[in-house]
Amino acid sequence: MITKEYMILAPEGMHARPATAMVKLARKYQSTILLKAGGKEARLNSLLNILSMHIKGGSPVTLVFEGIDEGGAAAAFDLFFAQNLKDW
Amino acid sequence: MKGIGVSPGIAIGRAWVLRSKKARVSGVLLADEDAVEREIGIYRIAVASAVASLEAMMGKVGKAEAEILEVQVELLRDPQMEEDVVAMITGRMPAKDAVLKVTEQLVQIFVNMDDDYMRARAADMQDAGMRLVKVMDGEEDGAGMVGGDWIVIAEDLSPSETVGLDHRVQAFATQMGGATSHAAIVARLRGLPAVVGCGSDLGIVANGDLLVVDGEMGVVFVNPDDEVIDIYRSKKETYAERQQLLLRLKDREAMTADGIRIQLLANIATARDMEQALEQGAEGVGLLRTELLFMDRERLPTEDEQLDFYKDILLRSGGRAVTIRTLDIGGDKPLPYLPLPKEANPFLGYRAIRICLDRTDIFKTQLRAILRASVFGKCRLMFPMIGSVQELRQAKDIVAIVKEELTASGAAFDPGVPVGIMIEIPSAALTADLLAKEADFFSIGTNDLVQYVLAVDRMNEKIAALYDPFHPAVLRLIREVIGQGHRQGIPVGMCGELAGDPQATELLLEMGLREFSMAAVSIPAVKEVILQSKCI
C-alpha cells in the first residue's frame, strides 16, 4: 500500500475536468485507488463520487494505492499532480 | 434586457428559440424478469450509443471543448450511476424512468451544494441524463436553421448543446445559468458572445426577432431601433480590432526592438479581473486593489474572509507575481462601519496608510490575511500613500510584529514576501534615494502623483484640462524615481493610468521603466508599441 498527499491548486477545487482526467488515469491501473479528503473517501473509479466529495481549492487530499501495480500508479499520479493539475 | 455577460463580444442577428421538451416518468412497472433483462439491455445500449455520439463530436471540436464533453462521457459511464440505475430497473422500473429518477437525485445533490461551481455541475448531470433519455426515445438532434447570423435563445443550454451549436450561431442568451457553467466556458472558448441569467423576460423573444447581444455588459436588445443597431455595429468593429491585436500579440513576449525584456502586468480588483488579465496576456498583477473587500458591507471583513479572497487570487495567478496593496480608502469613500469625519481636503487627509498606521487593528488583520495567503503563490506586499521614510519604517515594524505573531501561533507564511511602496506623493518621489534603501520595490502611482504635483484635483471637471501627466514636472519626478530605484538595485514599476497609455510607452521606456501595470484591456496596445521601440 502506498499513501501520497497532494494539494489541490485549482481555485475552483477538484472540479469536473481534472476529476475526469483522474478517473481516466486510474482506469489504466489494476490497483484500487482511494481518494480521501475532509473526512470523506471515494474510489477513484467514479466521477460522481469524487465530485460529491466537494473538494475545495487549496485543500489537501490523500491518495491510497493498493494492488499489484501500485508503484506505477503512484508514480503516474505524482506526474499528473505536478504537470496537469496546474493548468486546469 | 439585463443578464450576466459570460463571454464578451457583440452579435447582431435573428433569434432562434429553442424550446426544451420535458421528459416525464411514466410510472409503468415491468411485468417480469425478462422485461427487467430487456430494459437493462436497453439502458446499456443507450449508454454505449450516447458515448459513441459524444466521442464522434469530440473528434470535431477543439481540445478544451472535447474535455468538457469528456466529463459527459465519464458521467454516462460512471459505475455509481450504473449501479443505481440497474438497481431501479431490477426493482421493476423501466429504463427511461430509472435514468430520469437517478438523474433527478444527482441533480438535487449538486443543486444543494454551497458553492456556485458545484451548483453549476447540476447542469452537467441533467445533460447526461437527458442525452440518455433522448437516445432511448430514438431522437436525433439537429434543427432546421436556414441562412446565417442566428442568435440562440433558450431557457438553459446544456454543455453538450452548447458544443453542438451550429457554426452559423453568432451568440446565445439564456434565462438561467451562471458564470461558472460549462456552457459559459464553451462560449468563451469559441469566442461566442453569451449572456446568461436573463430571467423569464427572455420568454417574450420569438423566432426571427432582431437581437443585439453584448456579452461583455450582459445586455440583450430585442428589436432595437436603428440608432442602437448603429452604435452596436461600431462597437462590434472596435471589439473585433481589439481582438485581432490581442490574437496577434497575446503569446508574443514583450521585448523591445533592441532586445530588452519588459514586464506587462495587470491592475485588478476581483477574481474575474484576474481571468481577464490572463486572457490579455498579463505576466502577473502589478496592483491588486483590496478596497472592494471593504465596501458594500456592514462590518469589517474578518481575517478569514480576506484570506479566502487573497488565496483565490493567488491560486488563479498560476504562480505569477501578485502585488497586493493594503487598504487605500479615505473620507471620499466612507464606509458605514468606519465613520471617517468629513474633511475639507480628503485627498490631503486621513486616508490609506495614514489610517492603517493609526488603526493598527485593521492593518494587522489585513497583513495577517495576506501573509497567510502568501504560501499559495508568489505575493508582494505594497503600501499606498507613503510620504516619508519614517512611515515606511512604522509600517514595516508592524509587518515584523505580525510575522512574529504568526510564527508563534504556528501559522504558515512565506517569510520572504517583498515589501514595497507606491510612489505617489511628491515628498516620496523627492526622497526616493532614501526610501529605496528600505523598500524592496517601487511602484509609481501616477494618478495621485499628477494631482499632488500639479495641485489639480482630478475629480474637478472645471480644471480637467490642467490635469496633465505629461507636464515636465511630473516627468522629471518619474525619471528621478526610476533612476534612484535602479541605483539602489530595486525594481521600479508603474501602476497609474500613464502606464497603460500607448502614447507614453516610448517615453517611459527611455526613462528606464521596465515594469508596466495597467487595466488588462490596455496590454495588447502597449505591447505593440514596445515591440517597435528601442530603449537606447
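Predicted model: local features only at pLDDT ≥ 70, side-chain atom pairs only at ≥ 80, totals over all residues.
In sorting residues by class, Ala, Val, Leu, Ile, Met, Phe, Trp, Tyr, Cys and Pro count as nonpolar, Asp, Glu, Lys and Arg as charged, and the others, Gly among them, as polar.

A search of the whole structure finds one cavity of 30 Å³ or more, and the volume of the largest cavity is about 40 Å³. Its lining is made up of B:Leu265, B:Gly286, B:Thr323, B:Arg380, B:Met382, B:Phe441, B:Ser443, B:Gly493, B:Met494, B:Glu515 and B:Ser517. By class, this lining holds four nonpolar, five polar and two charged residues. At least two lining residues come from each of strand 11 (378-383), strand 14 (492-494) and strand 15 of chain B.

Helix 19 (residues 523-532) of chain B is mostly covered, with seven of its 10 residues buried; B:Ile523, B:Val526 and B:Lys527 are among them.

The axes of helix 1 (residues 33-60) and helix 2 (residues 63-77) of chain B come within 10 Å and cross at roughly 170°. Because angles over 145 degrees count as roughly antiparallel, helix 1 of chain B is roughly antiparallel to helix 2 of chain B. Residues making the contact include B:Tyr43, B:Val47 and B:Leu54 of helix 1 and B:Leu69, B:Val73 and B:Leu76 of helix 2. In this contact there are 11 nonpolar, one polar and three charged residues.

Note on methods: Residues numbered from 1 in each chain as written. Chains lettered and ligands numbered in written order. Heavy atoms only, no water. Axes fitted to C-alpha atoms, helices over the stretch in contact; angles between N-to-C directions. Helix = DSSP H or I, 4+ residues; strand = E, 2+ residues; numbered from the N terminus. Parallel < 35°, antiparallel > 145°, perpendicular 65-115°, else oblique. Contact = heavy atoms within 4.5 Å. Buried < 20%, exposed > 50% of the residue type's maximum accessible area, 1.4 Å probe, protein only. 1 Å grid on protein atoms, 1.4 Å probe; cavity = no way out; pocket = protein on both sides within 12 Å on 5 of 7 lines; lining within 4 Å. Points joined across faces, edges and corners; volume = space filled by probe spheres on them.
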